[in-house]
Amino acid sequence: MCRNIRTLYNFEPPATEDEVRAAALQYVRKISGYRKPSQANEAAFERAVEAVTAASLQLLGELVTAAPPRARQHVHA
């Protein structure tokens, strides 16, 4: 699962919040072992996705580089 998480930093156009959330979802799925949590675990799972999304957005917003942005290649599934 985690091998599907792509680098999201320093691209033009920049990563969207939806892309960051999708990466966070993959991460939480991987560490929890749940593709879709049970009702009993759904709230905790969603809180974790939101927390990882927020931390990722903060990280992407604070990173600095002198390198020019890389062009993004859109892969259509």
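Reader: What covers the buried residues of α1?
Author: The cover includes α2, residues 39-62. Contact here means heavy atoms within 4.5 Å, and helices (H or I, at least four residues) and strands (E, at least two) are DSSP runs numbered from the N terminus. This is a predicted model, in which local features need pLDDT of at least 70, side-chain atom pairs count only at pLDDT 80 or more, and totals for chains, interfaces and linings use all residues. Residues are numbered from 1 along each chain as its sequence is written, and side-chain values use heavy atoms, with hydrogens and water left out.

Reader: Which residues of α1 are buried?
Author: They are Val20, Ala23, Ala24, Leu25, Gln26, Val28 and Arg29. Buried means under 20% relative accessible area, exposed over 50%, and partly exposed in between, with a 1.4 Å probe and protein chains only.

Reader: And which residues of α2 are buried?
Author: Phe45, Val49 and Thr53. The cover works in return, for what covers them includes α1.

Reader: Why is phenylalanine 45 called buried?
Author: Its relative accessible area is 7%, and the cut-off is under 20%, so phenylalanine 45 counts as buried. This residue lies in helix α2. Leaving out residues up to four places away in sequence, phenylalanine 45 touches Leu25, Val28, Arg29, Ser32, Tyr34, Arg35 and Pro37. Tyrosine 34 is eleven residues from phenylalanine 45 in sequence and 8.9 Å from it in space, C-alpha to C-alpha.

Reader: Why are α1 and α2 called oblique to each other?
Author: They pack at an angle of about 130°, with their axes 8 Å apart. Axes are lines fitted to C-alpha atoms, for helices over the stretch in contact, and angles run from 0 to 180 degrees between N-to-C directions. Angles under 35 degrees count as roughly parallel, over 145 as roughly antiparallel, 65 to 115 as roughly perpendicular, and the rest as oblique. The two helices are therefore oblique. By class, their contact has eleven nonpolar, three polar and five charged residues. Ala, Val, Leu, Ile, Met, Phe, Trp, Tyr, Cys and Pro count as nonpolar, Asp, Glu, Lys and Arg as charged, and the others, Gly among them, as polar.

Reader: What makes the phi of asparagine 10 worth a remark?
Author: The value is near 65°, which is positive in a residue other than glycine. Asparagine 10 sits in the segment before β1.

Reader: How do you know that the peptide bond from glutamate 12 to proline 13 is cis?
Author: Its omega is near 0°. Proline 13 is found in the loop between β1 (11-12) and α1.

Reader: In what order do the elements run?
Author: From the N terminus on, β-α-α-β, which gives two helices and two strands. Of the 77 residues, 19% count as buried.
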